[in-house]
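Here is a walk through one model, picking out a few residues, helices and chain contacts worth a look. Keep the viewer open while you read.

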Amino acid sequence: MLIIHLVILLALPPLLLGVIGKTKAVFAGRRGPPLLQAYRDIAKLLRKALVISETTSWIFQAAPAVTLVAVFLAGLLVPFGPSPAPLAFSGDMILFAYLFGLSRFFTTAAALDTGSAFEGMGSAREATFACLTEPALFLVFIALAKETGSLSLTKMLRSGSLLFDAAAAPPLVLVCIGLFIVLLSENSRIPVDDPCTHLELTMIHEAMILDHSGPLLGLIEYSASMKLLVLESVLVTLALPFGSGVAAIDSCIFVAETLVLAMAIGVVESVMARLRMRRVPYLLTGALLLCGSGFILIVR
Amino acid sequence: MSFYLIAWAIVLSAASGLPLLFLKRRGRAARAGQLAGTGILVIACVAGFVGAASALFEPASVSYILPWPSVGDGLLGLDPLSAFFLVLIFFVAPLSSVYSLGYAQAGRNPRTSRRMQLFFGLLVAGMSLLVIARHALVFLLGWETMALSAYFLIASEDEKLENRRAGFVYLVATHCGTLALFGMFALWRMATGSFELSPVSSMEGGALCGIVLLSLFGFGVKAGLMPLHFWLPGAHAAAPSHVSALLSGVMLKMGVYGIIRMLGLLPVLPVFWGVLVLALGIVSGILGVAYALAQHDLKRLLAYHSVENIGIILMGLGTALLGRAWGRSDIVALAMGGCLLHIWNHGLFKSLLFFGAGSVLRATGTRQIDKLGGLIKSMPWTAAFFALGAVAICGLPPLNGFISELLIYLGIFGGLSQSGTLAALTSLAAPCLAMIGALAVACFVKATSATFLGSARAPEAGRGREASASMLLPMGVLAAACAAIGFAPGLVASALDAAVGSWNGKHALALPGIATLAPLNYIGYAGIALVSAAALISLAIALRRPRRRRELGQSGICRSGPTWDCGYAAPTGRMQYTASSFARGLVGMFSWALKPSPEPTKLHGAYPAPVVLETEVVDGVLGRVIGPCARVLGALSRRARRFQQGLTQQYVLYILLALVVLLLTLIPAGGLSGLAAAK
Amino acid sequence: MMPDLINALLVVVLALNLFALGNSRIQSVVHIVAVQGALLGVIMLLMHEHLTLPVVLSAIAAVGIKGIVIPVIMIRSLRAADIKREVEPFIGFLPSILLGAIVTAVALLFAPGLSSSGPSSPVGNAVYLVIPASIATVLVGFIILVSRYKAISQVLGYLVLENGIYIFGMLLIEAIPLVVEMGMLLDLFVAIFVISIITNHINQAFSSMDTRRLASLKE
Amino acid sequence: MALALIFLPLLFAVIAALIPSNRARPVLLPAAAVCHLSATILLIARPELAAWPASDFGPGSWFGIDAPGKLVLLVVSVLFFFCSIFSVGYLRYRQERPNRVFVSCLLVFLAVIGLVTFSRHLGLMWVAIEATTLSTAPLIYFNHSKKSIEATWKYLLVGSVGIALALFGTFFLAYSVQSAGLKPSMMMGELLAGAPSLSKPWLRAAFVLLLVGYGTKMGLAPMHTWKPDAYGEAPGVVGAIFSGGVTSVAFLAFLRVYRVCIAAGEAEYVSHVLLAMGLVSMAVAGLFMIGQRDFKRSLAYSSVEHMGILVVGLGIGGPALYGTMLHIATNSMTKGVLFLSAGNIHRAYASKSTDDVRGAMRRLPFSGALFLAGFLAITGSPPFGPFVSEFSILTGAFDSRLFLVGGLFLVFLFVVFLGMGKTVLKVTLGRPPVEVFEEPYRDGFLTIAPVFALMAVVLMLGVYIPGPLDALLRDAAAGLGAGV
């Protein structure tokens, strides 16, 4: 069981990037890069030499590793599909959320470590928007905890099964929408951030890693995709609670679902434009309110 | 036994200033005096620490008589709750005293050194006395000793006007609080019939309400609760850094101790009070960190973070009160445990951070973040410790801050399993706490990076040099403590259980152990795994051997050049993103509370004239409430002076008027006609 | 007939108050107050039905101090200061007379008479004017104190005040032993003596008796 | 003993007036003070000596001392003792001024105090109080400056008027007996005996007049106006004598009246009036302390405030009386510390405005520190004496359910702290202007040791109240109806 979980966690992420890319390409009428391009990029980067700015310090070099480990640990806390997470204890979702906080601390600090104005800009935006997404995430948690009476992700996400009884569904739907926005923002996708742009002034995540190169950049790309998977898995497990009793099949279903969700993201990215930076907080506040109202509905 | 250790510790630390007092002010004698004083203090604190640590696990609370004939003898007592706070005092105080050896050498500033040494010892003694006091007046004695010595420490560099001003604001604030405590204890006496601070099972509503409100006010001023925090930033900025460390790390906690103690003595309070305390905590948490974000002064920033952390502590306390009102022992155990542990933790990392800030100030001579930068190269150890402290104070795993916040979270979530809408709504505190956490991350990324990372923004930052060993050692110890609690939270669990038990003692809730309620060991393992894995990976990258030659650049596996900066050839330090601009977005988000100074006019024309942008955020309470009130009072007294312009005629007239007015009071008694009636 | 005489004299005392209020020449005010004081001594004598040595002594002392010594002191310091009259007082002369009259009337109307009960002096019992007179005189003293600017005038006001109180004292002959009575007179004398010294110094230092000059100590 | 306490100082006064040498004369002060103090202690230790050598000090006689009298006598005697030592040092600095009048007047004052405390006859007591006014007036005038003349003038006039009203009140009191159908009297014994049958309206009128009269002497607002001027212009030692001695004596006089009123069952009315009066005084004092530039004046207002506290304590009555009695002592001692150290600072800076006076802690380490300590003590910081007394007055207020009074009490204490603190800290902290170091004055033994001793007493009262004193306080309070 643990094996499958690890395999998915370690192997699947780059594929998601590929799927998103492919979807966008299809919408744009291009052939687009092959699905496995992301794997190749990361492998190449890991083999390349490093170029490091003199202004940087050990924090700059430690950050990618810390990020990767943090995201990986977070990945161990979420259930992939119906089967329980390898690490499940009451209150694990708090650790889950704070691990992302840790990774953010280091990414943003590393960005400022380079002394580049653009990276400072990026990290400032990252830190700012996180102040809205984190509460949203916790609203989701308390809503689900109230619904299921449990404090562990594995059990909490089970409440997705309630999506199909009319009484309990509406709040959960709100929560899922909010969660989706959080997902987009945390993974710096359109409409919050555009991973493919090269206009530094408008970037968040990409701006923060302008100075990373070689293996460091590889690690960052990898952990970014892993973060995408982890957050997707939360949404998927909650919103698409399909499963047969058999663990192996469940995992396959789960993988399929994550790919579908990736396509959905791709669709969103192709049909929407990126919001102006000033507008982003409104969107995130919207997510906050959605989750909040979901919670209120559940409490009522 | 342990009690006598503590008593001796108090006496010794009170006396620790004497050697320097009776030695020459300058030169070697002064140095010797400082060393002696510090030595005495350290010995005292070690003794006290041993005593407190052992008392932490002595179940029964013992009490002793303190002879004080004027007020009828006072009571002292020692229970795990007191011991818990004593541990903090006796742990941080010696460290900051050692730090002062390097930071404020007696020979260097002869005028202040005596005062500092003396009142530092008195501060420690006062705090420890009030913690073991079981009698209102003894408590007040310790309290005032603490408050006044703190004042003299804050104002110790009194030739600077701003320090005097900050000191005065502090003094007035603390005296206001003390007077509130006078009232509170008088009420206590009225309600319980004695000054003895022992649990009461029932109390009439009015007195209860009054006592709770007055203690929230009186202690809240000292703790730096949000509307009452106004003295705090100025005082912490003005005080010498080792003092600010002790003030922020320990003295604020004495206010919290007061609240916790009084609420522990009172009978179970209705839910309302729990909600109130929780709300207070949320407010001072969020606004505290918001103000911190807007600061340019490193020490003021840290001071506002104390406000924030006090808020978190109160959130824990409020939740514990709710748990007590609901009769939910698990909530009490978790929330109170988190509250208490956060008190320890904040004591540790806040002192650590102030030490770091002090070293920076000592080296560069400025507290302005926007002038610093790149100090990590000149002062690597300080930087490392500061960064660790930053991670800890943000409550991020794997350090101690996370543990306490986790406990508080779990306590808050406990409300979800309580029936009733209100109970569920209280769990909205969790998102607020999350927001506080995220804001704290932003703020400390700003502080750490702008101070230590990147490159120097102004010549001051160029002057950085590593702090002396006597300053690094305390930081190291504190950092180690932070890490230890983070990686092995199981160690503190039993201490927490004991303290919570003695707080909750008489309310017969059998408390489950915290270790059974919270996944402490999971967290510990996760932390260890995280750090070791990250270390391995970055090591792997650093030591990695290239497979094929041509992939290497001309200069081997790792080349270094200037920051790319999107192709700009010659980036300078002044082009970096400043701390202010980093925080600008968030400050904008909180402008409703912070009211930042308005932006300058936009640039005009093809060749615009140079424009200076200075943002400033004045403290809301001090600037927009206290200030006006003081002005009104001043105007009032000016008006009153008009009535005393030196004319004897006026003065005689006043006598006549007083006479007439008082004679009018006879009218109810029949007045003059009454006199006539006496015919 | 004795009580009627006393009442008549008290009326005179009240009239003297009004004169004191209305007169702008300080010297003549001094005289008025002196006469008032002496008169009180006499009344005091009349209050006792059978004269004893102490009574006579105290009466003489009263007359001597109030009627002779104090006026002499006042006149001398007046000479030293060579000021003639109280110019533009805080309350004008006519208004202050009116005020005094009103005050006196109020006192006469509302101030209680005497308590018939009690074994106090039978003479005293019949003298219904004592309390009103004393209250009125005290208030007149206050008026002078408040309305006059010259230091000496204020001293005179104080004297009138004292006289008023002294009038009340007549009801309590038994209660005030000779020693105490003498003590009071002595105090009064010393007070006036010290005050006159001070007024002389004021005159030297400020070359004026105007108390408005003495307003440098203020908030 | 009474005669000794009264006539011994008078004897010294005469000697002082006769001694020609300006330099030797001051030494008489400590001598007299020692005799007086020892006599007082003997009196308190051995009550039976009170009558000695005079034959009959029965309840019927004019002479005789009650517990509050003993207390005040002790307090003033101790204060005077330290002040006398101080003034030897002080007058050494002021050789240029003749001190004959100064010394004699101080001694006369000491004698008169004895008279006040011993007189059972309210008329006699009044005479004595008036005598204190007259004997202290020349002390204010010591400097012979224009301002001191002005201050003396105001003190004399306002004070005399007030005292005159007190006499009026005393007459009313006596008359209230008569209108009750008894023989008019001013004897405490007879008044207390006949109290229940006194005619209430006359009694109340008498009470009001006496409150205003003796209140003027104590310096209750709004009759306090002479106080800042007098205290501001008089030498520090005189300020100490005034705020510690004169005011206490006036309060003692008022206490006796209060006893009569209580005995007459007027407690409720009296306490209402007193509470109002005291709170007003505290408020006014606080208001005038805010932004006060002249630190001696601000001390004067602090004295007004503490008279207010005493009156409030009296008004609360019952549980607060012990604290009130104690506050007489603590307030006098602390005022002594404040005024004496303030005098030194004034001397060293030749100014009493906070515009010029800064950094006293550096200029005069001892006086500065003592001034600051005195400030902290008088504002009621533990463990100093005033803390104990003020706090027990406060608890008294709460115990008798006077929540509003207690609350206002605290508020006014805060305002006072605000105002006084600003002034005191301006004086003590900071860096002194360089030119003041040219002033030759330095802290000397004679001008510091007494202040230290007083501070020690203040601290002792906060930590430990000697048994006899405690007993004295208790039956003083009991005499006023504590525990009633």
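Leaving aside residues up to four places away in sequence, F139(B) touches L130(B), A133(B) and L197(B); touching, or being in contact, means that two C-beta atoms, placed from the backbone, lie within 7 Å. F139(B) sits in helix α6 (residues 136-154) of chain B. Helices here are DSSP runs of H or I with at least four residues, strands are runs of E with at least two, and both are numbered from the N terminus. Is F139(B) buried or exposed? F139(B) counts as buried because it has 25 C-beta neighbours inside 10 Å. The cut-offs are 20 or more other C-beta atoms within 10 Å for buried, 12 or fewer for exposed, and partly exposed in between, with the C-beta atoms placed from the backbone. From F139(B) to K24(B) is 115 residues in sequence and 35 Å in space, C-alpha to C-alpha.

Before going further, some housekeeping. This is a predicted model, where local features need pLDDT of at least 70, side-chain atom pairs count only at pLDDT 80 or more, and totals for chains, interfaces and linings use all residues. Residues are numbered from 1 along each chain as its sequence is written, while chains are lettered from A and ligands numbered from 1 in the order in which they are written.

Staying in chain B, take a look at helix α4 (residues 80-103). Of the 24 residues of α4(B), 23 are buried, so the helix is largely enclosed by the rest of the structure.

Then there is the largest nonpolar core, with 656 residues, in which L293(B), L439(B) and C482(B) touch the most other members. A nonpolar core is a set of buried Ala, Val, Leu, Ile, Met, Phe, Trp, Tyr and Cys residues joined through C-beta atoms within 7 Å. L293(B) touches L439(B), A442(B), C443(B), A583(B), L586(B) and V587(B), again not counting residues up to four places away in sequence.

Over in chain D, helix α19 (residues 467-479) has L472(D), L473(D), A476(D) and A477(D) as its buried residues. Looking down the axis of α19(D), these buried residues fall within an arc of 130°, so they line one face of the helix; the arc is that of the directions from the helix axis to the C-beta atoms. An α-helix has 3.6 residues a turn, so residues three or four places apart point the same way. The partners that the buried residues of α19(D) pack against are α2 (28-45), α3 (67-93) and α13 (321-349) of chain D. After α19(D) comes G481(D), with a positive phi near 100°.

The two helices can be set side by side, with the expected span taken as 1.5 Å times one less than the number of residues.

| Helix | Length | First to last C-alpha | Expected span |
|---|---|---|---|
| α4(B), residues 80-103 | 24 residues | 34 Å | 34 Å |
| α19(D), residues 467-479 | 13 residues | 18 Å | 18 Å |

Now for chain A. It has twelve helices and one strand, in the order α-α-α-β-α-α-α-α-α-α-α-α-α along the sequence. Of its 300 residues, 63% count as buried. The C-alpha atoms of chain A fill a box of roughly 60 × 40 × 40 Å along the principal axes. One exposed spot is A43(A), with 12 other C-beta atoms within 10 Å; A43(A) is in helix α3 (residues 37-47) of chain A. The C-alpha atoms of A43(A) and L162(A) are separated by 42 Å.

Which of the four touching pairs of chains has the most contacts? That is the pair of chains A and B. Chain A brings 66 residues to the contact and chain B brings 70 residues. On the side of chain A that touches chain B, α6(A) gives the most, with 17 residues. No contact joins chain A to chain C, whose closest C-alpha atoms lie 55 Å apart, and none joins chain A to chain D, where that distance is 41 Å.

Finally, confidence. Chain A has a mean pLDDT of 91, with 98% of its residues at 70 or more; pLDDT is the predictor's confidence in each residue, from 0 to 100. Chain C averages 85, and 92% of the residues score at least 70. Within chain C, helix α5 (residues 122-126) has the lowest confidence, at a mean of 50, and helix α7 (residues 151-169) the highest, at 93. Over residues 114-123 of chain C the pLDDT is below 50, and this stretch has 28 contacts in the model beyond near neighbours in sequence.
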